Amino acid sequence: MSSKKTNKLYAFDESVKMSKPINQMFTLKILLMNDIEDVAIYKTFEEAETNLIEYLKKGTCGWIVSNNE
C-alpha cells in the first residue's frame, strides 16, 4: 500500500514574525546569462505578476511558476 506524501508550503507572516502553512505560492523565475534564477516567492499571483511586469519592462525573460497543491 503506497501513501502519497504531501509537501506543505509555508510563508513568513510579518504580523506574528513566524512562518505559517499556506495552500498556494508563486515563484518568480528569470533567465539570466543562460541560468534560471529564482527571484522571489509570493503568496498571491497578483503580487508575483506585478513584479514580473517590472522585469519584463527591463527586457528580462521571466515567468511565474505555481507551487499550488
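How many bridges join strand E3 to strand E4, and do the two run parallel or antiparallel? Seven bridges join E3 to E4 (residues 35–42), and the two strands run antiparallel, where strands count as paired if DSSP finds at least two bridges between them. The model is a predicted one, in which local features need pLDDT of at least 70 and side-chain atom pairs count only at pLDDT 80 or more, while totals for chains, interfaces and linings use all residues. Residues are numbered from 1 along each chain as its sequence is written, and side-chain values use heavy atoms, with hydrogens and water left out.

**The chain as a whole**

- The protein chain has one helix and five strands, which follow the order β-β-β-β-α-β from the N terminus; helices (H or I, at least four residues) and strands (E, at least two) are DSSP runs, numbered from the N terminus.
- Of the 69 residues in the protein chain, 19% are buried, where buried means under 20% relative accessible area, exposed over 50%, and partly exposed in between (1.4 Å probe, protein chains only).
- The accessible surface of the protein chain is about 5600 Å², and carbon and sulfur atoms supply 53% of that surface; these areas come from the Shrake-Rupley method with a 1.4 Å probe, and for residues only the protein chains shown count as cover.
- Among contacts with a separation of 6 or more, 41% join residues 24 or more positions apart, a contact being heavy atoms within 4.5 Å.

- On the E4 side, Leu 28 stands opposite Ala 40.
- E3 also pairs with strand E5 (residues 61–66) in the antiparallel sense, over six bridges, and here Lys 29 has Trp 63 as its bridge partner.

**The turn between E3 and E4**

- E3 and E4 form a hairpin with two residues between them, and both Met 33 and Asn 34 lie in this loop.
- Most residues other than glycine have a negative phi.
- Met 33, however, has a positive phi near 50°, and Asn 34 has a positive phi near 65°.
- Met 33 is exposed, with a relative accessible area of 75%, and Asn 34 likewise counts as exposed at 75% relative accessibility.

- Helix H1 (residues 45–57) has 13 residues and should span 18 Å at 1.5 Å a residue, which agrees with the 18 Å between its end C-alpha atoms; the expected span is 1.5 Å times one less than the number of residues.
- Just after H1, Gly 59 takes a positive phi of about 85°.
- Phe 45, found in helix H1, counts as partly exposed at 34% relative accessibility, and beyond its neighbours within four places in sequence it is in contact with Phe 26 and Ile 64.
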